[in-house]
Amino acid sequence: MSPNKFEMNNLEKSVDEETTKGEKKDSSSAVLETEPSDSGMAAASATDGVAATALRSVIQRIEHVAERCGRRSDQVRLVAVSKTKPVSLLKQVYDAGHRCFGENYVKELIEKAPQLPDDIEWHFIGNLQSNKVKPLLTGVPNLAMVETVDDEKIANQLDRVAANIGRKPLKVFIQVNTSGEETKSGVEPDGCLELVKHVTSNCPNLEFCGLMTIGMPDYTSTPENFKTLAKCRSEVCEALGISEDQCELSMGMSGDFELAVSDLTCH
């Protein structure tokens, strides 16, 4: 599955490409607007909540792209990114049936998680410092995945803490800087394979699941960014002797998640 990000104010939604019972899933993210765009949406929000209405709109867009590409919509996973949004807004989306959420900040996630049902699958998608690893893993028992492993130091710290607290292996993505921006986190594409090998060979308490990238803010290089990540996946899979179905891709944001789904499903 391939994650993209979808926001709740912009609820950020991510498209993940993963293998579940032998089936490859794609997950994309988009923005859920908290402001109704017209009177019809305002009426719907009065009963269901604006976030839930926006969620349905995004799901419909994903379904449209999947149908156009001849793919089942249930093969697309949506990660709703809820940074800076109140718990009440997340609860609307949860009550609408959604279970996969992403957070950027450790402190915020630690505060929100206990206030929400424990069947939520939390994805951490922000920059992670070594001194925040223990609070994150101990404070969020239902943390499903860390998508932002970008060097050996953070991988080693996640591995150590996971072992020390006795939790099951933590799923991780390697973050790749495909846009070449100096201000953006992520390993360079030519260093991706080496970091993946480090995780798979030296971090028994981590489960390598795939690769993640964030494209240019104005989306001008999005197609190239996605192609670069796909190339990294091919190199990783060849080196590890695994199929591409076993290496998820997390890519796409509110403005380009449809392109991410299309790239993953239309060949």
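## Ala260

Ala260 lies in helix 9, which spans residues 257-265. Helices here are DSSP runs of H or I with at least four residues, strands are runs of E with at least two, and both are numbered from the N terminus. The model is predicted: local features need pLDDT of at least 70 and side-chain atom pairs count only at pLDDT 80 or more, while totals for chains, interfaces and linings use all residues. Residues are numbered from 1 along each chain as its sequence is written, and side-chain values use heavy atoms, without hydrogens and water.

With a relative accessible area of 0%, Ala260 is buried (under 20%; exposed is over 50% and partly exposed in between, with a 1.4 Å probe and protein chains only). Its C-alpha atom is 7.4 Å from that of Phe226, 34 residues away along the chain.

An unreviewed UniProt entry gives Lys83 the feature "modified residue: N6-(pyridoxal phosphate)lysine"; UniProt positions follow the numbering used here, feature names are shortened, and annotations may be inferred rather than shown by experiment. Lys83 sits in the loop between strand 5 (76-81) and helix 3 (87-95).

Lys91 belongs to helix 3 and is partly exposed, at 34% relative accessibility. Between Lys91 and Gln115, 24 residues apart in sequence, the C-alpha distance is 9.5 Å.

## The whole protein

The protein has nine helices and 11 strands. Of its 267 residues, 53% are buried. Among contacts (heavy atoms within 4.5 Å) with a separation of 6 or more, 63% join residues 24 or more positions apart.
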